[in-house]
Amino acid sequence: MPSIAVLRQWRSAVLFCLGLSVVAAALPAQRGRDEYARHPGQRPDVTIFSELDLPAPNRTRTGAGAPGPDYWQQQVDYRIDVELLPDERLVRGKEHVVYHNNSPERLTYLWVHLEQNILRKDSIGTLTEGGAAMAQGESDASEGVMLSDVSHDGKALEYQVYDTLMRVHLPTPLAPGARYECDIAWSFHVPQRVFRRYGTMETKNGVIWELAQWFPAVAVFDDVHGWNTLPYLGTGEFYTNYGDYELNITAPRDHIVVASGVLQNPTDVFTDQQLTRLAKARQTRQTVMIRSGEEVTQADSRPAGQGPLTWRFKAEQVRTVAWASSPAFVLDAATTNTGVLVQSAYAAEYSAQWSKSTAMLCTAIEGYSRRLWPYPYPVATNVGGVEGGMEYPMIIFCSGRSRSEQGLYGVTTHEIGHNWFPMMVNTDERRHAWMDEGFNTFINIYSTVDWFEDHVPGKPGRFGGMLKMPGVPIVTNADRLNGMQLGMLQYEKTGVGLQLLREVVLGPERFDFAFRTYVERWRFKSPQPADFFRSMEDAAGMDLAWFFRGWFLEDAMLDQAVDSVRQPTGNRGARITIVNKERMVMPLDFEVTFEDGTIERFKVPVEVWAQSDRIVRAMESTKKVVKVHIDPDGMIPDVSRDNNLWEAGD
Ligand SMILES: [Zn+2]
């Protein structure tokens with residue numbers, strides 16, 4: 001892995017080889033024409049090295065890729081009272097919304113997401129792969145969100161519902177700096193079978209309920225798109241405002257409830273014994289059982305009395321809230337060495353793996369806190385239920401039936417990783433899923449080693465085949481991708497891209513500083529792709545246009561190849577010609593083996609490809625060359641590795 005010192009050596013090496021032993025076969029203008037001949041859809045004046053065509057910087061988003069002096073974002077606070085009625089499979093809520101208009105614009109309406117409307121038979125989501133998978137829920141949920149009140153100060157407000165969106169008309173325009181309060185009451189049925197984000201799982205001791213994307217939430221109004229009104233189609237997750245929440249959940253007395261937020265009334269909802277155990281869990285990193293598998297079936301593991309109980313939570317500066325409720329929950333807890341209360345709630349019959357969940361979550365949170373930024377919330381809870389893997393602030397849903405340690409750690413570290421991207425760096429998951437899924441896939445690489453110490457991460461060289469996806473760059477809206485493309489582009493290709501940038505292009509120290517700078521600049525704010533590209537170049541101090549264009553903005557492929565080896569003549573050494581056959585470029589790293597078995601390694605910075613697609617390297621030694629191997633360590637994702645190796649006699 002290159003350090004800064006090695007990179008400096010590369011730079012002096014290229015000056016040396018450009019001056020003395022590399023023959024540029026064409027001028028830059030020629031390179032542009034060559035590229036155009038191979039890629040006729042591209043502008044001949046735009047090479048892979050050209051400056052990126054980004055939106056002009058302004059006082060909101062600067063040229064350095066940071067929030068500007070006039071940066072603003074809206075804030076939306078909620079007080080939600082919700083009731084779970086398991087027999088009717090009904091969720092019934094009312095919310096008081098306080099909308100803070102921090103924008104410089106006057107607003108005459110609010111857009112509000114009603115995401116349960118994706119279950120309606122006439123939802124446009126049913127036409128998409130993601131939505132169709134969701135909507136296989138049963139017909140009892142087909143009415144979507146049932147609104148019973150949309151009002152201000154007791155006076156009904158005019159509104160229109162279009163699919164998963166509602167437009168609420170403001171009686172008078174909302175001035176910059178002003179706030180608006182309104183009340184919404186709604187309910188919806190939870191389908192018997194639902195496959196994404198939320199739903200129910202039967203266990204031997206009762207049903208586990210997971211609730212997410214479940215309440216009317218005001219859409220984002222921002223400086224880039226105005227109102228963000230992309231509908232909920234199932235694949236694109238969510239882009240929401242920060243806000244402070246009071247969340248009061250009323251559930252049957254025999255249920256344990258966990259949620260985004262800090263529990264405000266533990267003495268109302270836990271037994272004395274559980275309170276003592278919880279106090280102990282606050283003092284130790286060792287997992288403490290709060291309610292064991294055996295205790296789940298004992299009536300005295302819930303407070304005595306009649307009727308439902310209300311669990312009161314508060315969450316500050318979160319972009320949504322989610323929760324789970326069940327009579328079947330085993331609950332355990334511990335505290336990370338950074339002071340975060342970590343809990344796991346799961347079914348007794350899956351204890352074999354799930355009893356490790358709290359320790360897993362501690363490890364993952366501590367690793368990300370050390371590498372990126374401290375985990376910003378006081379609590380984190382892992383829930384084992386029907387959802388295979390989904391993230392919300394302070395609470396994650398991981399497959400409740402997980403049977404392998406690899407499987408459970410993999411999903412746990414991924415979902416809690418989302419508390420950095422996008423819960424803390426609030427990107428638009430519907431337009432730019434790569435900025436949360438891919439960044440998270442990248443940080444998961446290092447987190448996996450935290451738990452499985454012998455784990456050796458895959459090298460980016462293995463992923464050359466992933467580039468063979470013509471016409472689909474990473475920067476594609478998630479809902480326009482099928483499941484395979486989503487996984488390949490938004491998760492893997494983006495994750496590998498950042499790994500390449502760290503391990504091959506910048507080196508760990510230089511990359512880590514730049515990546516942390518991006519997190520620091522944008523935590524609790526909303527960056528756009530251009531802000532990420534600019535911030536990384538600004539803090540790394542390197543022109544990365546070629547990398548971002550080739551890897552993220554275009555569908556470019558990479559193919560470095562040994563073209564020819566002319567053996568030594570007289571007192572001249574061998575001449576090795578290496579070509580770059582596709583549009584993507586990467587630094588060149590090759591190894592030459594001479595007939596006496598000696599080996600020399602050559603590293604050439606990426607800039608050499610700005611001059612020509614072909615470089616000729618003259619050997620100083622007059623020994624015969626028997627082997628040339630490009631990228632012998634397998635670090636570069638090359639689409640055809642067979643032409644990376646040349647051996648005498650080929
Ligand atoms: Zn994810």
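Modeller: Residues 24 or more positions apart account for 74% of the contacts in the chain with a separation of 6 or more, where contact means heavy atoms within 4.5 Å. This is a predicted model, in which local features need pLDDT of at least 70 and side-chain atom pairs count only at pLDDT 80 or more, whereas totals for chains, interfaces and linings use all residues. Residues are numbered from 1 along each chain as its sequence is written, and side-chain values use heavy atoms, with hydrogens and water left out.

The chain has 14 helices and 31 strands, which are DSSP runs numbered from the N terminus (helices H or I with at least four residues, strands E with at least two). Its radius of gyration is 28 Å, close to the 26 Å that the globule rule gives for 650 residues, so the chain is as compact as a globular protein of that length; the radius is taken over C-alpha atoms, and the rule is 2.2 Å times the number of residues to the power 0.38. Of the 650 residues, 59% count as buried, that is, under 20% relative accessible area, with exposed meaning over 50% and partly exposed lying in between (1.4 Å probe, protein chains only).

β21 pairs with β20 (residues 329-335) in the antiparallel sense over 7 bridges, two strands being paired if DSSP finds at least two bridges between them. In this pairing leucine 331 stands opposite alanine 345. The two strands form a hairpin with 5 residues between them, and glycine 339 in the turn has a positive phi of about 90 degrees. With β22 (residues 379-385), by contrast, β21 pairs in the parallel sense over 5 bridges, and alanine 345 has valine 383 of β22 as its bridge partner.

Elsewhere in the chain, an open sheet of 4 strands runs in the order β28-β27-β30-β31 with antiparallel pairing. Its edge strands, β28 (599-604) and β31 (645-647), each have a single partner, so one side of each is left without a neighbour in the sheet. Between β27 (residues 588-594) and β28 there are 6 bridges, and leucine 588 stands opposite valine 604.

There is also a zinc ion, whose protein donors are His414 (NE2), His418 (NE2) and Glu437 (OE), at 1.9 to 2.0 Å from the metal; donors are N, O and S atoms within 2.8 Å of the metal (3.2 Å for Na, K and Ca), and water is not among the atoms, so sites may look incomplete. The donor residues are spaced H-x3-H-x18-E in sequence. Histidine 418 lies in the loop between α8 (405-417) and α9 (434-451) and glutamate 437 in helix α9, 19 residues apart, a pair that links distant parts of the chain. Both histidine 418 and glutamate 437 are buried.
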